[in-house]
Amino acid sequence: MGAADAVPGVSGGTIAFISGIYEELINTISNVNASLFKTLFHKGLKSFWQQLNGNFLVALLTGIIISFVSFMRLAKYLLEHHPILIWSFFFGLIIASIYFVGKQVTKWNLATIVSFIVGATIAFFISKLPTLGTNENSWFLFFAGAIAICAMILPGISGSFILIILGAYKTLSNAIHDLDIKHLLIFISGTIVGLLSFSHVLKWLFKHYHNITLAVLTGFILGSLNRVWPWKNTLTWHTNSEGIKTPLIQESISPMAFNGNNQLTWAIILMVLGFLTIFILEKLGSKK
């Protein structure tokens, strides 16, 4: 999940869904409330830890943090020097995810089909949004963290991509690189507030509208494919204060229309590997 969230365009929520821990994750997060701390004071640490589902949270968060911090640098290098190859791998991964998440909808009817289309449309629209300029304001970074963490736990919507759209990705990347404790704590505070708030909404939706929620999430994953399509044509560029140019608005094009080496053979191989990776994750996730 951490590695997926480090790549702008890929969602850690998708990995959680495929590995079979998504609903447990949402329920665990939403259970962090005042009653949890009453348990701590009245029944002791052991009962508190069990109610918190502490072992699950520690294992998951440790893996996410280590993977996110370590993979962010690698992801940055791959996106700059081998963009077609890394996007091809994740494109195959997301194609397989659509099938595995969609099959969890127990009944497809008009409501679930419409929900699926709405979810796909929203995700596609988000994938077309242009990038804002970098903003280092503390309050802005707090709200960017709150918004991005909501995206990170939604299959198909990338938290890192939301950070890029908001103009906070570079600020966070620099804070991690420079160990800027102040900016990191502000961002983490925002993610905690956003996560605790949004998890209650998701828990309620799964309880009352399970199939519709799954259909929307499947649509999110489908709509995100435009963002991870490997072959892009850059229409406009953004130049920062240091004179470094980054793509601002891009359009997906055919590999045959790509200007340069389209690396088609390797791209197809990596798409297949990405596709098979999801089958392996699903297989592991089905073993309780």
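Analyst: The second largest pocket has a volume of about 1000 Å³. A pocket here is an open set of points on a 1 Å grid over the protein atoms alone, where a 1.4 Å probe fits, with protein on both sides within 12 Å along at least five of seven lines. Volume is the space filled by probe spheres set on the points, which are joined across faces, edges and corners.

This is a predicted model; local features need pLDDT of at least 70, side-chain atom pairs count only at pLDDT 80 or more, and totals for chains, interfaces and linings use all residues. Residues are numbered from 1 along each chain as its sequence is written, and side-chain values use heavy atoms, with hydrogens and water left out.

Now the lining. It holds 32 residues, each with an atom within 4 Å of a point. Leu61, Ile64, Ile65, Ile149 and Thr191 lie nearest the pocket's centre. Elements giving two or more residues are α3, α5, α6, α9, α11 and α12. Helices are DSSP runs (H or I, at least four residues), numbered from the N terminus. By class, the lining has 28 nonpolar, three polar and one charged residues. Nonpolar means Ala, Val, Leu, Ile, Met, Phe, Trp, Tyr, Cys and Pro; charged means Asp, Glu, Lys and Arg; the others, Gly among them, are polar.

Two of these lining helices, α6 and α11, pack at an angle of about 110°, with axes 11 Å apart. Axes are lines fitted to C-alpha atoms over the stretch in contact, and angles run from 0 to 180 degrees between N-to-C directions. The pair α6 and α11 is therefore roughly perpendicular (65 to 115 degrees). Phe68, Val69, Met72 and Arg73 of α6 meet Tyr169, Ser173, Ile176 and His177 of α11; contact means heavy atoms within 4.5 Å. This contact has five nonpolar, two polar and one charged residues.

Finally, confidence. pLDDT is the predictor's confidence in each residue, from 0 to 100. The protein's mean is 80, and 88% of its residues reach 70 or more. Where pLDDT is low, the predicted coordinates should not be read in detail.

Note on methods:
Angles under 35 degrees count as roughly parallel, over 145 as roughly antiparallel, 65 to 115 as roughly perpendicular and the rest as oblique.
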